[in-house]
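The following exercises are to be worked with the sequence and the model at hand. Each task is followed by a solution in steps.

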Amino acid sequence: MGKAAAIMFSVYGIQGRLYNGPLEQVRDLAEVKAVARLRAVAAIGQEVEESAAVSLSRREGEAGGHAGLLGESGPRQALAAYAQAQQGAGAAAARHAIARVGELMSRKLITVPVTATLREAWGVLAQAGIGQAPVVGAQGQLVGLIGRSALMREEMMPADLPSALAWSARLAQPVSELMWSPVPAALPDSPLREAAQLMLDLQLPGLPVLSDEGRLLGFLSRTDLLRAMTREAPLDLWS
């Protein structure tokens, strides 16, 4: 029990596991903070123009699995729906409250090999209808996270946008050039509240879920959390 309480999250990169321990230290790791700064998105409430990539991800986010990033109105709408559900939760209150990552994560594993090109990674995500996926090494070990929103970041576009050759060269680059690495991961016993806090703090679209030995078990996305708020009450995030 002591071990489960102390080790709730880990961080993996190309060199393997970099960290094992509680939430607080994950957010303070220099390597994780550096990657998070590079991938920071606009804060809630800031007026920004929505990109076509985010709009596409929102529509696909309703499909399930580890789906795309949602707009900021999504969380507010989900919280309002959850509050309404709680008002008449007489029958639901008797149900087991979902409090751990393993109870909510998607067990349908879609992964991208670290040897894949950006074109191949895009194809995997598009075929599966998801917004992001863990990147794995030759032995299936977690090394990073790739998302379509990253593939569409303005600074990642070819300088000569109309050029077919420029696009072809860009998409031929390895996925390791663009993936989020090192990437935090959760354990099945990790508290949902802490997992949600980690996603919020680091602007992560989701968390890979690993066994104690580092074997990939599933994926917890923002969409999984929002769907649970509206369909799977009671969700124990605030106790």
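**Exercise 1. The nonpolar cores**

The largest nonpolar core comprises 35 residues, and those with the most contacts inside it are Phe9, Val101, Trp180, Leu207 and Leu220. A nonpolar core is a set of buried Ala, Val, Leu, Ile, Met, Phe, Trp, Tyr and Cys residues joined through side-chain atoms within 4.5 Å; buried means under 20% relative accessible area, with a 1.4 Å probe and protein chains only. This is a predicted model: local features need pLDDT of at least 70, side-chain atom pairs count only at pLDDT 80 or more, and totals for chains, interfaces and linings use all residues. Residues are numbered from 1 along each chain as its sequence is written, and side-chain values use heavy atoms, without hydrogens and water.

Task: Determine which helix gives the most to this core.

Solution. Step 1: helices are DSSP runs of H or I, at least four residues, and strands are runs of E, at least two, numbered from the N terminus. Step 2: helix α9 (residues 192-202) gives the most, with five residues. Step 3: another core, of 14 residues, lies apart and includes Ile110 and Leu125.

**Exercise 2. Serine 106**

Solution. Step 1: serine 106 lies in the loop between α5 (73-87) and β3 (112-113).

Definitions and conventions. Buried < 20%, exposed > 50% of the residue type's maximum accessible area, 1.4 Å probe, protein only.
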